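Hi,

Here's the structure I promised to pass on. Have a look at it first, and then read my notes below.

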Amino acid sequence: KMMDYVVESQVSSFGLAFVIVFLLIGLLFGSLRMTALAVLPNVLPVFVTLGLMGYFAIHLDVATVTITSIVMGIVVDDTIHYLHRFRHELQQSDGDFDAAASATAVGVGRAIGATTLIFAMGFAILALASVKSIVYFGVLTALAMVVALIGDLLVLPAIMLALRPRLS
């Protein structure tokens, strides 16, 4: 009964955090398009993690239920950095999306990659824990970090190059 309350509370907290985070991104960039672009790379790691938990029959408990909130809190930062730099590079290249994507990948991509590697390794260390839920927490969070990096450096640019939205 208590676990049901914890899970239900985390799910509703995640939903509220999701809405607030994307409202703040909208205010930061002053653009509904930028907000919409930020959603997919930030929900992708959450969906992949929850999907893997379901596939491998990993139950939600106090440790695993917090993964989505922690992941979202960390990965949204990378997305904001990417979008901010992309918009800057797009202005510098006179609207050349290909050049902006390349410059952003080189500029911000290294920093995002390095921080993701550090975070993922830090969480992966928990795989050595003796408590199964802590092992799951560490491994799944590390995996979610890597999926978030893929979302920010591959999925987000692919969407932007395919749609070529006006980002002002």
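**What I found**

Helix H2 covers residues 32-55, so 24 residues in total, and runs 34 Å from its first C-alpha to its last, close to the 34 Å expected at 1.5 Å a residue. Keep in mind that this is a predicted model.

H2 does have a bend in it, though: about 30° at Val43, with a proline, Pro45, following within four residues. Both Val43 and Pro45 are among the buried residues of H2, a list that also includes Met34, Leu37, Pro41, Asn42 and Met53. What do the buried residues of H2 pack against? Their partners are H1, helix H3 (67-92) and helix H5 (132-163).

Next, the salt bridges. The structure has two of them.

- Glu89 pairs with Arg85, and their closest N and O atoms are 2.9 Å apart. Both sit in helix H3, four residues apart, which is about one turn of the helix. Glu89 counts as buried because its relative accessible area is 14%, under the 20% cut-off. Arg85 has 28% relative accessibility, so Arg85 counts as partly exposed.
- Asp98 and Arg164 form a salt bridge through their side chains, at 3.6 Å from N to O. This pair links distant parts of the chain, with Asp98 in helix H4 and Arg164 in the segment after H5, 66 residues apart. Asp98 is partly exposed, at 44% relative accessible area, and Arg164 is partly exposed too, at 42%.

Staying with H4, take a look at Thr116, which is in that helix. Is Thr116 buried or exposed? Its relative accessibility is 4%, so Thr116 counts as buried. Leaving out residues up to four places away in sequence, Thr116 touches Asp78, Met145, Val146 and Leu149.

Gly113 is also found in H4, which spans residues 97-124. With a relative accessible area of 22%, Gly113 is partly exposed. The C-alpha atoms of Gly113 and Leu153 are 8.8 Å apart, although 40 residues separate the two along the chain.

Last, the surface. Leu16, Ile20, Leu24 and Leu27 make up a nonpolar patch there, with about 420 Å² of accessible area together. Ile20 belongs to helix H1, residues 2-29, and counts as partly exposed because its relative accessibility is 40%.

Cheers

Note on methods. Residues are numbered from 1 along each chain as its sequence is written. This is a predicted model: local features need pLDDT of at least 70, side-chain atom pairs count only at pLDDT 80 or more; totals for chains, interfaces and linings use all residues. Side-chain values use heavy atoms; hydrogens and water are left out. Patches are made of residues with over 30% relative accessible area and no salt bridge: like charges are joined within 9 Å, nonpolar side chains (Val, Leu, Ile, Met, Phe, Trp, Tyr) within 5 Å. Accessible areas come from the Shrake-Rupley method with a 1.4 Å probe; for residues, only the protein chains shown count as cover. A salt bridge is a side-chain nitrogen of Lys or Arg within 4 Å of a carboxyl oxygen of Asp or Glu. Helices (H or I, at least four residues) and strands (E, at least two) are DSSP runs, numbered from the N terminus. Buried means under 20% relative accessible area, exposed over 50%, partly exposed in between (1.4 Å probe, protein chains only). The expected span of a helix is 1.5 Å times one less than its number of residues. The bend at a residue is the angle between axes fitted to the seven residues ending there and the seven starting there. Contact means heavy atoms within 4.5 Å.
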